[in-house]
Amino acid sequence: VCEDQTPTYDLTATADALGDMTVTGITPGTYQVAVKFSNSLQTVQTLTLNAGTNSVSMGELTMGDGVSSNNIDIFDFSLLRLEFGTQASASDFEGDGDVDIFDFSRLRLNFGLVGQDPTSN
């Protein structure tokens, strides 16, 4: 990330069933990489990519951000309350197709957490 926070790359990847993603076309170098799913908190790591194939683990994303604000708060709880008992995807933090007590438990566990932001270099 540059000093003005302008991304060098802005890529969208699709995860497979195991959560693995493949991104191509990145020039070797050191980058701050931010990863965010629609209802998770953003995670950021500084990575050095070498020529050829690189394998990087960004870890498990913290779920519970139904409104996609990069923090888990009362707005996410309110959305889950509205969607409880449905198959809405915004509050389906477990990824099982239903908004239920397990999604509430995930939100409760992560309530108050805030996602990471890239820093200026």
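Analyst: What follows takes a few residues in turn and checks each label against its definition. The model is predicted, so local features need pLDDT of at least 70 and side-chain atom pairs count only at pLDDT 80 or more, while totals for chains, interfaces and linings use all residues. Residues are numbered from 1 along each chain as its sequence is written, and side-chain values use heavy atoms, with hydrogens and water left out.

User: Why is Ser91 called buried?

Analyst: Buried means under 20% relative accessible area, exposed over 50%, and partly exposed in between (1.4 Å probe, protein chains only); Ser91 has 0%, and therefore counts as buried.

User: What is Ser91 in contact with, leaving aside its neighbours within four places in sequence?

Analyst: Contact means heavy atoms within 4.5 Å, and on that basis Ser91 is in contact with Leu79, Leu80, Glu83, Val99 and Asp103. The side chain of Ser91 also reaches the backbone nitrogen of Leu80, at 3.5 Å.

User: Why does Ile74 count as partly exposed?

Analyst: Ile74 has a relative accessibility of 46%, so it falls in the partly exposed class.

User: What makes the phi of Ser68 and Asn70 worth noting?

Analyst: Most residues other than glycine have a negative phi. Ser68, however, has a positive phi of about 55°, and Asn70 has a positive phi of about 70°.

Technical notes. A polar contact is a pair of N or O atoms within 3.5 Å; within protein, one must be able to donate a hydrogen and the other to accept it, and residues adjacent in sequence count only if both atoms are side-chain atoms.
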